[in-house]
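Thanks for making the time this morning. I would like to walk you through one structure, a few places at a time, so please keep the view open while I talk.

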2 protein chains.
Amino acid sequence: MTALADDLRRLIPAERVVTDPGVVSAYARDQALWAPYGTAAALVRAGSAEDVRALVEFCAARGVPIVPRGAGTGLSGGANALDGCVLLSLERMDRIVEIDPAERLAVVQPGVVNDDLRAACAGHGLWYPPDPASSPWSTIGGNVATDAGGVCCVKYGVTRDYVLAVEAVVGRGEAVRLGRRTAKGVVGYDLCGLMVGSEGTLGVITEITVRLRGARPPERTVVGGFDGLRAAGEAVSAVTAAGIVPSALELIDRYCLEAVDRWKNMGLSADAEVLLLGRTDTPGETGEAEAEAMAACFKDAGATWSARSTDQAEADALFAARRLAYPALERLGQVLTEDVCVPRALVPEMLARIQRAARAHDTHIANIAHAGDGNLHPLIITRPGDGAARDRAHRAFDQIIDDALALGGTVTGEHGVGLLKRRGLHAELDPAVVALHHAVKNALDPAGIFNPGKVFGDPAA
Amino acid sequence: MTALADDLRRLIPAERVVTDPGVVSAYARDQALWAPYGTAAALVRAGSAEDVRALVEFCAARGVPIVPRGAGTGLSGGANALDGCVLLSLERMDRIVEIDPAERLAVVQPGVVNDDLRAACAGHGLWYPPDPASSPWSTIGGNVATDAGGVCCVKYGVTRDYVLAVEAVVGRGEAVRLGRRTAKGVVGYDLCGLMVGSEGTLGVITEITVRLRGARPPERTVVGGFDGLRAAGEAVSAVTAAGIVPSALELIDRYCLEAVDRWKNMGLSADAEVLLLGRTDTPGETGEAEAEAMAACFKDAGATWSARSTDQAEADALFAARRLAYPALERLGQVLTEDVCVPRALVPEMLARIQRAARAHDTHIANIAHAGDGNLHPLIITRPGDGAARDRAHRAFDQIIDDALALGGTVTGEHGVGLLKRRGLHAELDPAVVALHHAVKNALDPAGIFNPGKVFGDPAA
């Protein structure tokens, strides 16, 4: 252990190589409840791409696993330490290298925080859309590694849709540039796209070029209250069926809303079991018509009330509550987060199945959802220290995954596979497709050092 | 040769295995002028995914190369025959399997013609955007293999942005499904995305699931006339710098316009050396303001005239001319098509360099361009049988590639590498990145049978 760190300090500025167990252990896991994690040999806080290159070369020569990480806000255990690994934190590589308004792109180091990039772009009249709920903390590098989604994805797509190019250290320490700066380009394989969502298993990203959009138009907000999940789900399907593409269509239940309010005293009240928060940013009369049509869909699906929000502060508070639901619930107990995504027309059925899973396994499941995408986040809540409840939560978690697959869905819409969804991955993908994953992994990571065992590794290992 | 065909006829319905040299040779090349092509052993017109699976298994066992092809409208030689290969035509697998309005997706066989899919979607109030100029003839399978672009890509993205899933036959005959039907999903590597644009080198696509959009809003058209390419290029940069995202921004020069008019008698007249055709489909007053702003950009950049087209038929005729430019020019001589893409702000400089290349190499270069994307298609025109002119055309072709790279551009924006851009690929990509291509290719095509030598093969081979 010490020998390894000593060797590293000859390659990388000594202060960036950390072995203090208290510090290293604080970096040993992300926010995925109950995902296993091991004991790292060292933590490297990279300050440059050259640090990363030197580390990869070193680890490849010795077969030492590298677990790259951003802010550690992941919910699948993708950044969790492996025994004897080097934890590679990219959080100090946090420079916005360039914002180019003419080409509508930004170049950033991986440790730039999502909201910081958005704010910097806004200063140029530009917009970086992908907005995971973790945006105040999570980094662009982590977002790229997991292909993070968010609230506006229903209209504007996910992280993948914005990554033009990456610089990465791959293989045995080769620094490569993948992708392009131009609006279009088809030279060779889309290896840049292959890196996106690969959860650190194919190399370490040291710089990212993202596409930007023009400043976001103002949004109109429509809120609907529903007696239950199923009716809210019907409203979601109705919005889709009506051909409306909202700029947000979020679901939050009373439990989550109240948990946020108890924490933040935002003066929120649900007046309903489930709220749908719809938005449109289409300008002019067309947007006005969309908002009205969305409200009509809510009512027709059985909303107990539906209102166009005229108070921007109130509307923003509701969306802020949606974003804060996960940390608010964490204050109240242990939260196991699901992330299934189903065809939009089957959202009502999937929400009904989630309720059945809660009853069948005697566990409480709160719900938030990027409902317009069919991306549901049932939150399974247990009291700390209750082993039996924990077992029931695990069974509900597995049940929900199986239900999503039965409906033609996927086990992870945006959080990634990490450790927690490995069983789900093997249930979703054909063995021949898993074999392709192994072939790609072996081809691009010949030393087997990049986050080994994650994503498509043996879930029993 | 005959033995191979006889063996194939035991696996695949006999009438689908063609050895008639006249027929086979008609399938031996795409529309890339001067790209080399060999003599195929047989042509297989697949009728089903099972035909493809049986063929791949057979060829993998014997090391026989397979060259898949759609309609053969490619412009880089990607579908050209290799000596002793089996040409695999997918054009008879032309069924639209499903259009799902609720999920906004379509499932098609690879041989469906691009315009046919668009028309079928329109019947459901939906829209499949990618619109290469070859859309009346080219197939979705070919579009996916090359990641085809088109006119509306400046606002709506390229084929890649619409492919949700593919079924493909890979490796030694494994039929796999890659991707998903849900709006979001991040399970495992984006192997579906890796197949897009891989030009038949990683397997054969047998079914494609594409994302759709709602029916397209009506467009406003702005036409500007310019004295020369450079001024038109300045107008393009000005539109981008103004933050306008047009739904089309095309360039066509007088030479192309007159060539189309001589062919089709459309009554077009340029009244200028270069036309810019801009469109916006933003609804309402915002769209009106965008059209006016685009017209102002044209004027400020030195347009000799600029007009909002009030005559929809006239506007459509101009765009039709843009689409027909390539075949119209082919009637007049031999046309070597370029496909470089540069940063949008450098469009004026690149257009100036194209003119310099024409003068330096004493060759005529006409121009069409997806100007709003920085994707330029200089068309190098020579008289058939003039060997010296052909040499000069080649030198101009290489010069333009080198200029595009010098400006931070790419050697192919949307046509693919095929055979013609292999030198360009090696000039654009670092050897370490080419090594990654070989690693992926070897991993996913262990028998080395899928379109070998294309894309990143040795350009001298």
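This is a predicted model: local features need pLDDT of at least 70, side-chain atom pairs count only at pLDDT 80 or more; totals for chains, interfaces and linings use all residues.

Ala461(A) has a relative accessibility of 75% and therefore counts as exposed, a word used here for values over 50%, with under 20% called buried and anything in between partly exposed, using a 1.4 Å probe and protein chains only. You will find Ala461(A) in the segment after α15 (431–444) of chain A, where helices are DSSP runs of H or I with at least four residues and strands are runs of E with at least two, numbered from the N terminus. From Ala461(A) to Leu419(A) the C-alpha distance is 10.0 Å, although the two are 42 residues apart in sequence.

Residues are numbered from 1 along each chain as its sequence is written, chains are lettered from A and ligands numbered from 1 in the order in which they are written, and side-chain values use heavy atoms, leaving out hydrogens and water.

Staying with chain A, how do helix α9 (residues 254–264) and helix α11 (residues 312–330) pack? Their axes, which are lines fitted to C-alpha atoms over the stretch in contact, lie 8 Å apart at an angle of about 85 degrees, on a scale from 0 to 180 degrees between N-to-C directions. The two helices, α9(A) and α11(A), are therefore roughly perpendicular, the term for 65 to 115 degrees.

Turning to chain B, we have an open sheet of four strands in the order β1-β2-β4-β3, with mixed pairing, where two strands pair if DSSP finds at least two bridges between them. Since β1 (17–18) and β3 (66–69) of chain B are at the edges with a single partner strand each, one side of each is left without a neighbour in the sheet. Helix α3 (residues 49–62) of chain B packs on this sheet and touches β2, β3 and β4 of chain B. Within the sheet, β2 (residues 42–45) and β4 (residues 86–89) of chain B are parallel and joined over four bridges, and Ala42(B) stands opposite Val86(B).

Finally, β5 (residues 96–100) and β6 (residues 105–108) of chain B run antiparallel, joined by four bridges, and in their hairpin Arg104(B) takes a positive phi near 55 degrees.

How values were computed
Angles under 35 degrees count as roughly parallel, over 145 as roughly antiparallel, 65 to 115 as roughly perpendicular and the rest as oblique. Contact means heavy atoms within 4.5 Å.
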